[in-house]
Amino acid sequence: MAEKTGMNPDQVATLETSFPSSTPGVEQRRIIDGVVDRLSRQPGVIAAGAVNDLPLRGGGGISVAINVPGAQPLDHGEPRFARFLFASGGYFDALGIAKLRGRTFSPRDATGPQVAVISAAMAEQFWPGVDPLGRYFTFRPDTTPITV
């Protein structure tokens with residue numbers, strides 16, 4: 001029996017790119033947004049998106065310490081960790097990742113308050129039995145709130 005992944009990789013093509021370390025993040029985002037836009041307009045393309053680490057690849061991505069106000073503390077004051085990905089809104093549609101509640105990213109999120117799309121597993125881990133929409137967390141030690 002195949003493991004349920006929450007996505008449908010059938011007929012998905014990927015393109016991997018990298019930038020010199022001297023390329024500013026803003027310039028990287030502009031280039032990636034342009035590529036995604038051009039790809040999304042190609043005949044036969046249903047959706048196009050971008051992410052900094054492909055799922056199921058085994059690379060692990062970035063794990064970051066987060067602070068969730070009101071969350072039950074861990075033993076010995078250890079920080080809570082979550083896997084962190086940079087993703088565009090089209091990423092979810094491109095991989096057939098169902099949105100259970102809320103919304104995915106939109107262009108306005110690039111300049112507005114910080115927002116996050118979280119997995120059902122993260123919702124249950126950090127807000128068990130509670131609706132996570134509208135709740136927030138911060139990256140430790142930063143205090144900038146990121147709204148779910």
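Salt bridges first. This is a predicted model, and a search of the whole structure finds six of them.

Start with R41 and D37. They form a salt bridge, with the closest N and O atoms 2.8 Å apart. R41 has a relative accessible area of 56%, so it counts as exposed. D37 has 38%, so it is partly exposed.

Next, R83 and D53. Their side chains meet in a salt bridge at 2.7 Å, N to O. This pair links distant parts of the chain, 30 residues apart. R83 is in strand β2, residues 80-84. D53 is in the loop between α1 (25-40) and β1 (62-67). Buried or exposed, what is D53? Buried, because its relative accessible area is 9%, and the cut-off for buried is under 20%. R83 is at 44%, so that residue is partly exposed.

D109 counts as buried because its relative accessibility is 16%. R103 comes in at 38%, therefore partly exposed.

Now the threonine, T138. Where is it? In strand β3, which covers residues 136-139. Relative accessibility is 8%, so T138 counts as buried. What does T138 contact, leaving aside its neighbours within four places in sequence? On one side of the numbering, A65, I66 and N67. On the other, T143, T144 and P145.

To recap the buried residues I named: D53 at 9%, D109 at 16% and T138 at 8%.

Key:
Residues are numbered from 1 along each chain as its sequence is written. This is a predicted model: local features need pLDDT of at least 70, side-chain atom pairs count only at pLDDT 80 or more; totals for chains, interfaces and linings use all residues. Side-chain values use heavy atoms; hydrogens and water are left out. Helices (H or I, at least four residues) and strands (E, at least two) are DSSP runs, numbered from the N terminus. Buried means under 20% relative accessible area, exposed over 50%, partly exposed in between (1.4 Å probe, protein chains only). Contact means heavy atoms within 4.5 Å. A salt bridge is a side-chain nitrogen of Lys or Arg within 4 Å of a carboxyl oxygen of Asp or Glu.
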